[in-house]
Amino acid sequence: MKSLNNSKIFLIFFLVFMFPKSSTSNECLKKEKLNIGLFENSYIDYKYYLYYTLGEYSLLNNIEFTISEVNQNANEFDILFGEYGDLTKLSLRPTQIPDKVLSFYNNNEVEITENLFPLDLDTFILLSKDNHKKLTFEEFSKLYNPIKYTLGMSFKSEEDIINLMTYHLEKPSIDLNSLTFDLTADLFTKSYENINKNIINNSFSEVYTSYENSENVYTLFSDGILLYKNIDFRSFQLFPKSKYTWDDEVGIFIENLEIKPLSFYGFSAYLNDSQSSGFLCYLIDEEVRLKTFKDFNIQLSPLSINELKNIKEELPDSYIKILENKNKNILKPNYSSERQNYDLFLGLIFGRNKFEGIFDNQDYLN
């Protein structure tokens, strides 16, 4: 028996020293050559950010890389990057996820789906270079300034506008027959009268330039803009919602007492090859993430306050409150199915469609 026990002990030591890495341990893996794909969009250019971070990563790990636009050749790339809505069009599948990545999303209380990894969680804010009190959407829609436009924003990103609609409806899908949609569309139509129409079809960089030039009382951004090191602002608030919300149970509009920081996934990564997970691990490193927020003006927003715990004292209290709650209120619209509603919504705002052509009765609040 003693000899048998000694044999067992020897076997255990043999296995530990010959195979020191547990088969259940998922590490960040590196390939010598990385082929990166990018779903380009016309609103925000992410190429510079990817070239910079890949350059840093390649120097640290002695690898080579290429970046190409994705054009019906998604399977050719190790990792694909783009807006969350573009990446969800790909077939998701299980993949080996490094422990570092799992811990990152667990710590931020964000659930990941298969091989799709959100790196950006946006909510809508209005930014201003002047001090302003918080407004309801009704108050905002009546604002007029003889010198500046009331609102600067772009309608160029279809995905952002769908997000903005669902942000106000507080549901992941758009119901044209809902009374809340009627009210929201009406307030947007009124607000459009004083919008900066010079930039409604422009890219993010042009919207940002408009903000820098103080053309608008308020400019619409994602909350990540607050972390950009060169941003100059005096006040901000979540994009205001109506002071009323429809209560299905009671059957009337009631006062909307709480404005939730509803949020949406933006820039994300799709891991095609688990052997390339090292670059994903690099991107979620705390130092790299903080540099991303501060140095790159691409509106990437933290997943939660946990990402900024070491610079929390630098943040406005009102932004900390947003960061503490936005990962608890994530909406994921089906962008393909909402395209028709997007067209109708813009038609209403731009005056191409009439309310009576969509709604039977709009006299809800007199």
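Which strands are included in what covers the buried residues of H8?

**Entry 1: ground rules**

I am working on a predicted model, in which local features need pLDDT of at least 70, side-chain atom pairs count only at pLDDT 80 or more, and totals for chains, interfaces and linings use all residues. Residues are numbered from 1 along each chain as its sequence is written, and side-chain values use heavy atoms, with hydrogens and water left out.

**Entry 2: helix H8**

I took helices (H or I, at least four residues) and strands (E, at least two) as DSSP runs, numbered from the N terminus. In helix H8 (residues 204–212) I found Phe204, Val207, Tyr208, Ser210 and Tyr211 buried. Buried means under 20% relative accessible area, exposed over 50%, and partly exposed in between, with a 1.4 Å probe and protein chains only. These residues lie on the same side of H8, because they cover an arc of only 155° around the axis. The arc is that of the directions from the helix axis to the C-beta atoms. To settle the opening question: the cover over the buried residues of H8 includes strand S6 (124–128) and strand S8 (216–222).

**Entry 3: positive phi**

I next looked up backbone angles. Most residues other than glycine have a negative phi. Ser214 is not a glycine, yet its phi is positive, about 55°. I placed Ser214 in the loop between H8 and S8. With a relative accessible area of 28%, Ser214 is partly exposed. Glu114 also has a positive phi, near 50°, in a residue other than glycine. Glu114 sits in the loop between helix H4 (99–107) and strand S4 (116–118). Its relative accessibility is 36%, so Glu114 counts as partly exposed.

Two packed helices are described by the angle between their axes and the distance between the axes. Axes are lines fitted to C-alpha atoms, for helices over the stretch in contact, and angles run from 0 to 180 degrees between N-to-C directions. Angles under 35 degrees count as roughly parallel, over 145 as roughly antiparallel, 65 to 115 as roughly perpendicular and the rest as oblique.

Helix H7 (residues 179–192) and helix H12 (residues 339–350) have axes that come within 8 Å and cross at roughly 45°. H7 is therefore oblique to H12. I noted the crossing of H7 and H12 as right-handed; a crossing is left-handed if the near helix is turned anticlockwise from the far one by less than a right angle, and right-handed if clockwise. From H7, the contact (heavy atoms within 4.5 Å) uses Phe181, Ala185, Phe188, Thr189 and Tyr192, and from H12 it uses Phe345, Leu348, Ile349 and Phe350. I sorted the residues of this H7 and H12 contact into 8 nonpolar, 1 polar and no charged. Here Ala, Val, Leu, Ile, Met, Phe, Trp, Tyr, Cys and Pro count as nonpolar, Asp, Glu, Lys and Arg as charged, and the others, Gly among them, as polar.

Helix H6 (residues 158–169) packs on H12 at about 80°, with the axes 10 Å apart. H6 is therefore roughly perpendicular to H12. H6 contributes Glu158, Ile161, Ile162 and Met165, and H12 contributes Arg339, Asn341, Tyr342, Phe345 and Leu346. By class, the contact of H6 with H12 has 6 nonpolar, 1 polar and 2 charged residues.

For H6 and H7, the axes come within 10 Å and cross at roughly 125°. H6 is therefore oblique to H7. I noted this crossing of H6 and H7 as right-handed. Leu164, Met165, His168 and Leu169 of H6 meet Thr180, Phe181, Thr184 and Phe188 of H7. The contact of H6 with H7 divides into 5 nonpolar, 3 polar and no charged residues.

**Entry 4: two single residues**

I checked Leu87 in helix H3 (residues 84–87). Leu87 is at 0% relative accessibility and so counts as buried. Its C-alpha atom is 6.7 Å from that of Tyr270, 183 residues apart along the chain. Beyond its neighbours within four places in sequence, Leu87 has contacts that include Phe39, Leu116 and Tyr270.

I found Ile305 in the loop between helix H10 (286–295) and helix H11 (317–325). Ile305 counts as buried because its relative accessibility is 17%. Neighbours within four places aside, Ile305 is in contact with Lys312, Leu315, Ile320, Leu323 and Glu324.

**Entry 5: totals**

I recorded 12 helices and 13 strands. Of the 366 residues in the protein, 52% are buried.
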